[in-house]
Amino acid sequence: MRVAGLIRVVVFIFTIVTMWVFLRSYISFSRKTIRLPRWLGITPKDIQTPKFKCGLSKICPNNFFAFKISSGAANVVGPSMCFEDEIIMSPVRNNVGRGLNVALVNGSTGQVMKKDSFDMYSGDPQLLLNFLTEIPDSTLVLVASYDDPGTKMNDKIRTLFSNLGSSYAKQLGFRDSWVFVGAKDLKSRSPYEQFLKNNPETNKYDGWPELLELEGCVPRKVM
């Protein structure tokens with residue numbers, strides 16, 4: 001009887017080991033193949049990361065507007081502007097052009113008031129001068145360069161951009177890259193600005209510096 005009992009124990013152990021080997025080999029029962037989403041009954045594609053306005057990596061605080069600006073890439077890809085999750089200027093919208101692309105936004109409501117592009121290579125700089133002179137108080141100003149933003153620049157235009165908070169407007173020249181967010185009644189330099197000089201030794205493209213991207217949260221003008 002003891003021998004028969006011992007045989008049954010051995011057979012039972014053998015059966016368990018055989019089943020374990022089978023499961024490991026054919027069902028891939030391992031930590032490498034069984035992941036948390038599968039245990040939860042969902043596939044990885046069903047897991048979505050949080051989406052914030054304009055594709056930012058974080059949500060903006062209360063009384064702040066989300067924005068993202070990209071300059072143009074050489075003279076091939078036009079610039080784009082997103083404000084509060086709305087694409088306000090882009091090649092897809094067919095409302096950008098060579099030179100400087102400028103959008104005006106109400107600093108209190110976030111409503112887009114006006115947008116236009118100004119050819120700074122062969123266009124009339126007076127058009128941009130008039131546009132900047134007529135900006136109302138408490139207005140946010142978004143700017144993105146494309147191709148050449150500086151050839152037709154003059155001192156009056158540079159001064160107006162400087163008064164909007166720009167630190168680089170007075171340096172802007174032929175084929176430089178520039179993105180900027182300022183305001184009509186800003187009392188100091190804007191923290192929202194990037195500038196890259198056209199330099200044959202450091203240019204990413206043939207004759208142009210690389211494109212610039214600027215994103216963040218700009219404070220609302222609380223009335």
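Phe65 and Phe83 are both buried, where buried means under 20% relative accessible area, exposed over 50% and partly exposed in between, with a 1.4 Å probe and protein chains only. Before I go on, this is a predicted model: local features need pLDDT of at least 70, side-chain atom pairs count only at pLDDT 80 or more, and totals for chains, interfaces and linings use all residues. Residues are numbered from 1 along each chain as its sequence is written, and side-chain values use heavy atoms, with hydrogens and water left out.

Now the aromatic pairs. Rings of Phe, Tyr and Trp (its six-membered ring) pair if their centres lie within 6.5 Å; planes under 30 degrees apart count as stacked, over 60 as edge-to-face and the rest as tilted. By this rule there are six aromatic pairs. Phe65 and Phe83 make a tilted one, 5.2 Å centre to centre with 45 degrees between the planes. That pair links distant parts of the chain, with Phe65 in strand S1 (residues 64-70) and Phe83 in strand S2 (residues 80-83), 18 residues apart. Helices (H or I, at least four residues) and strands (E, at least two) are DSSP runs, numbered from the N terminus.

Phe161 and Trp178 form an edge-to-face pair, at 5.1 Å centre to centre and 90 degrees between the planes. Here the link is between helix H4 (residues 155-163), which holds Phe161, and strand S7 (residues 177-183), which holds Trp178, 17 residues apart. Phe161 and Trp178 are both buried. Together with Phe180 they form one aromatic cluster.

Next, the sheet. Two strands pair if DSSP finds at least two bridges between them. An open sheet of five strands has the order S5-S4-S6-S7-S8, paired antiparallel. Which strands stand at the edges? Strand S5 (112-118) and strand S8 (193-196) do, each with a single partner strand, so one side of each is left without a neighbour in the sheet. From one strand to the next, the twist averages 15 degrees. S7 and S8 run antiparallel and are joined by four bridges. Trp178, from the aromatic cluster, has Phe195 in S8 as its bridge partner.

Finally, the chain as a whole. It has four helices and nine strands, and from the N terminus on the elements run α-α-β-β-β-β-β-α-β-α-β-β-β. Of its 223 residues, 38% count as buried. Among contacts (heavy atoms within 4.5 Å) between residues at least 6 apart in sequence, 59% join residues at least 24 apart.

Notes: Axes are lines fitted to C-alpha atoms, for helices over the stretch in contact, and angles run from 0 to 180 degrees between N-to-C directions.
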